[in-house]
Structures are given as structure tokens and as C-alpha cells.
Amino acid sequence: MRKPWIVGMLLAGVLLAACSDPASGPEAAPSSVAPPGPAGTTHQQAPGTPAATAKAPVVLYLGDSLAMEAQKVVGQELRRDLRAEYTSKPYSGTTVCDYLEGTGAKSLVPDRDKAAALVRSLRPDFVVLQFWGNAWGYTWCMDGITHAGAPTTYFKRYKADMARLTEQIATAGGGRRPRIVWVAQGPDPITPDRVRRVNELYTRQAAASGDLVADAGAKVSAAGARYSWVQYLPCTAYERAHSAYCTQPDRDRTALHLDKDYLHFCLAPTTSTPKPCPVRSPGILRIAREITRVIGRTPAD
């Protein structure tokens with residue numbers, strides 16, 4: 001009975017490492033959005049002056065393959081709704097410790113793109129952190145600790161890394177400490193309890209340090225079944241009004257995942273080259289809108 005589970009775990013690792021480089025051609029990006037730069041980096045700044053009643057936030061978005069595929073849409077939503085100045089530096093296959101300074105060659109993130117380094121250079125108001133919680137042993141900075149092999153050690157290490165990253169970001173911010181937004185993740189069909197516990201760690205860390213949680217995972221979960229994985233959900237009013245986001249209007253439901261990818265939300269096949277998702281994908285938009293909503297209700301300093 002263990003063989004299918006092990007195969008599933010291996011598949012999960014491959015999916016997390018691959019990230020979103022859909023084989024289909026990209027749709028045209030809105031003219032107001034800058035094209036992505038090298039290594040999946042985007043930098044967008046709103047034109048004009050924000051309304052006098054609210055300071056336009058400076059937002060830094062970091063994370064793994066889920067952030068890689070969502071970065072373009074997150075930037076569009078933040079820029080359109082909040083006139084945000086936005087920078088994204090996601091790296092596929094990463095977890096929290098990859099963005100810690102001091103990890104050296106064991107990290108998948110270069111020193112220039114560590115969270116603290118970017119905070120010092122960009123001076124953001126918000127640092128959005130989106131991690132599935134790499135649990136499969138190929139992120140070097142985890143020192144071989146896996147959820148399957150040692151769950152207690154895995155959660156203990158994950159918690160410690162979150163606290164260290166929070167401290168490094170706060171120190172880098174100095175007198176202008178950014179607020180951290182931990183993005184709670186959606187259901188995992190292989191280890192649903194792991195994601196629930198990782199999300200609990202995000203909530204506890206945010207409460208302890210005065211930061212925020214964007215429960216984007218709830219937006220890609222069924223009502224009343226937060227940690228039960230689903231491929232389809234009923235279309236929202238927004239999705240019905242924008243037909244490209246209600247993928248099966250005759251059944252009043254929309255697709256969150258492709259048939260062969262339970263993890264990512266980009267509705268196009270992944271390949272080995274990390275890129276933002278180039279096709280309209282309801283799950284990504286739901287996640288981006290929740291991140292934007294949480295930042296929008298929190299005034300920038």
C-alpha cells in the first residue's frame with residue numbers, strides 16, 4: 001500500500017521543482033504591465049500619484065514555484081487596485097530557508113536576492129512570502145530534513161526558519177520595518193495535514209511578530225472543506241462576468257488545476273524553465289486578489 005504514496009511524493013517533488021513554463025504561447029500582456037525581466041523577475045511601478053488619502057505601497061513578492069507562476073498577476077492586481085510599486089523575486093523549488101542570509105552555496109537563491117538584501121535596497125512596505133513548504137528533501141538548505149522522514153523535525157525546523165527570516169527582514173528594514181504577509185496555501189491531496197500545520201505556523205508567526213496572513217488557500221478550497229483538495233470550484237460572480245475565468249460555464253464551475261498537476265494553478269503544462277503563467281488561470285487570479293485585498297486594508301507606513 002505504500003508504493004502509490006511514494007510515487008505520489010516523487011511526483012510532488014518533480015512538480016514543485018519544475019514550476020510554470022507553459023508550452024502554449026503567452027497571451028498578450030496588458031500595455032500597463034512591464035514584461036518580466038531576467039530570471040523571472042518583474043518590476044512594476046504605477047504611473048502618476050496615488051490618491052492623497054492613501055500612500056501607494058511598495059511591495060516585494062518572494063516565494064517558490066507558486067509565486068513564480070503567479071507573480072505577473074499579483075503585480076497587475078496590486079498595481080491596478082493599489083497603485084503599488086512592485087518587485088518580484090521568486091525562485092522555483094525553494095522554501096523559507098533559501099531566502100535567509102548566511103546559507104551560502106546551500107541556497108537556491110543568490111545572495112543579491114536574499115530577503116534582507118532586497119529589503120535594504122528596495123525599502124518595501126510589505127514583503128509577501130508564498131511557500132508551499134518544500135517537504136521532499138531537494139532544497140539544500142533544509143539539510144535533508146523531510147516531512148515524510150521526520151515530520152516533527154521538519155515542522156520544528158520550518159518554524160525556526162520562519163522566525164529567522166522574520167528577524168532578518170525586520171533588521172534590514174531598520175526604522176522602516178516592512179510588514180510581512182505570509183500566504184496560506186491551498187489543499188494538498190497527498191499530505192493534507194502537512195499544509196494545515198504549515199499554515200498554522202504562518203498564522204502563529206504573524207501573530208507573534210505583528211505581521212499578516214493572506215489566506216489565499218481558502219479561495220482555492222471548497223466551502224466548508226478548507227483542506228480537501230478539489231480540481232474544480234463553482235464560478236464566482238467575477239468569473240461569470242469575465243468568461244475567460246469560468247472555464248466550464250455550462251456547469252457553472254471553473255478549473256483550478258490541470259488534470260496532471262494537482263499543485264500548480266497555471267492552466268497550461270509546466271516545463272523545466274521557470275516563467276510566469278502566460279494564460280488566464282482562475283486559481284492564480286483568486287490568490288492574487290486575496291493578497292491584494294489584505295495589503296489594501298493595511299495602510300502603508
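**Burial of the cysteines.** I began with C97, which is buried, as is C141; buried means under 20% relative accessible area, exposed over 50% and partly exposed in between, with a 1.4 Å probe and protein chains only. I kept in mind that this is a predicted model, where local features need pLDDT of at least 70, side-chain atom pairs count only at pLDDT 80 or more, and totals for chains, interfaces and linings use all residues. Residues are numbered from 1 along each chain as its sequence is written, and side-chain values use heavy atoms, with hydrogens and water left out.

**C97 and C141.** I looked up the bond next: a disulfide joins C97 to C141, S to S 1.9 Å (a disulfide is a pair of cysteine sulfur atoms within 2.5 Å). The pair links distant parts of the chain, 44 residues apart. C97 sits in the loop between β3 (85–88) and α3 (115–122), and C141 in the loop between β4 (126–130) and α4 (151–173). Helices (H or I, at least four residues) and strands (E, at least two) are DSSP runs, numbered from the N terminus. The torsion about the S-S bond of C97 and C141 is about 70°, so this disulfide is right-handed.

**C235 and C246.** I found these two joined in a disulfide with their sulfur atoms 2.0 Å apart. C235 lies in the loop between β7 (232–234) and α6 (237–241), and C246 in the loop between α6 and β8 (253–255), so the pair ties together parts eleven residues apart in sequence. Their S-S torsion is about 85°, so I noted the link as right-handed. Both C235 and C246 are buried.

**C266 and C277.** Here too I found a disulfide, the sulfur atoms of C266 and C277 being 2.0 Å apart. Both cysteines lie in the loop between β8 and α7 (282–296), so the pair ties together parts eleven residues apart in sequence. With 75° about the S-S bond, the link is right-handed. I checked burial as well: C266 and C277 are buried.

**Pairing.** How many disulfides does a search of the whole structure find? I got three. With the bonded cysteines of the protein chain numbered in sequence order, the pairing reads 1-2, 3-4, 5-6.

**Core.** Last, I looked up the largest nonpolar core, which has 71 residues. Such a core is a set of buried Ala, Val, Leu, Ile, Met, Phe, Trp, Tyr and Cys residues joined through side-chain atoms within 4.5 Å. L129, Y158, L165, W182 and I291 have the most contacts inside it.
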